[in-house]
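Please open the model in your viewer and keep the selection panel at hand.

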Amino acid sequence: MSKLDAPIGADERYPTAVTVDDFRHNLASVESRIAEAARRAGRDPREVTMLPVSKTVPIERVRVAIRSGMRLLGGNKVQEAVRKNGETADLDVSWSIIGHLQTNKARDVAAFATEFQALDRLRVAEALDRRLQATGRSLDVFVQVNTSAEDSKFGMPPEELPAFLEALPSYGTLRVRGLMTLAILTPDDARVRECFSLLRTLRDQAREDAPDLIGAGELSMGMSGDYEIAVEEGATCVRVGQAIFGARALPDSHYWPEG
């Protein structure tokens, strides 16, 4: 593949990475913008990790991306992540599932994922815990909260978070690391910022009320179009796809959330 093969109509902000050097350039660009956003907020840039998200990216380019130094990759569709995990088994890489999970896919996630960032139902927690016990594994998880109040978004309503966190210790294989959210898809930065600010507030309240239930209290929020705002609002993990791999053929409103 060459850069001439980028999708027609693709977002020119996100150049397609093909070579190791391309990936390293894109990674450095994102890391620089993360650092600038952190400094604007008076934060240490080292507090923020970047999770490259490879959804829809052909396996040939995923393998090149791994050779550029990536060691943890995100995927929002379980079936795609399972396939790519198998196709990169010879490489030093782990996988984070960041999309909605149906209970019948819990076995797949329990078998190979390093972390799961979209836990929003006790039925899923129970299914994961059962499968993880059978394999002798444990799993880092983020609890997904719907901070945009959009019906199209997965994640629990904010008011349900305290009770949900109180229930999770019953599932001993799940290690809560923090919270995750998807901001509203809009060019209105103020509305996007509200989503991230709300998640931070929920985390802070959980730390005050029940610190043992929130783990490290990490905040996974922000994607290619809004990760700088997320960092300014306290993100400790940003999930970046297009700004690293290149523009997809269709916008995020098509790919995410996964229904």
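What covers the buried residues of α3? The cover includes α2 (59-67), β3 (94-97) and α4 (106-112), contact meaning heavy atoms within 4.5 Å. This is a predicted model, in which local features need pLDDT of at least 70, side-chain atom pairs count only at pLDDT 80 or more, and totals for chains, interfaces and linings use all residues. Residues are numbered from 1 along each chain as its sequence is written, and side-chain values use heavy atoms, with hydrogens and water left out.

Select helix α3 (residues 78-87), whose buried residues are Val78, Glu80, Ala81 and Lys84. They cover an arc of only 155 degrees around the axis, which puts them on the same side of α3; the arc is that of the directions from the helix axis to the C-beta atoms. Gln79 and Gly86 are exposed on the face turned away from that buried side. Buried denotes under 20% relative accessible area, exposed over 50%, and partly exposed in between (1.4 Å probe, protein chains only). Helices (H or I, at least four residues) and strands (E, at least two) are DSSP runs, numbered from the N terminus.

Next, display Glu80 and Lys84, which form a salt bridge (2.6 Å, N to O). The term requires a side-chain nitrogen of Lys or Arg within 4 Å of a carboxyl oxygen of Asp or Glu.

Finally, select Arg33 and Glu228, a salt bridge whose closest N and O atoms are 3.0 Å apart. Arg33 belongs to helix α1 (residues 20-40) and Glu228 to helix α8 (residues 227-232), so the pair ties together parts 195 residues apart in sequence.
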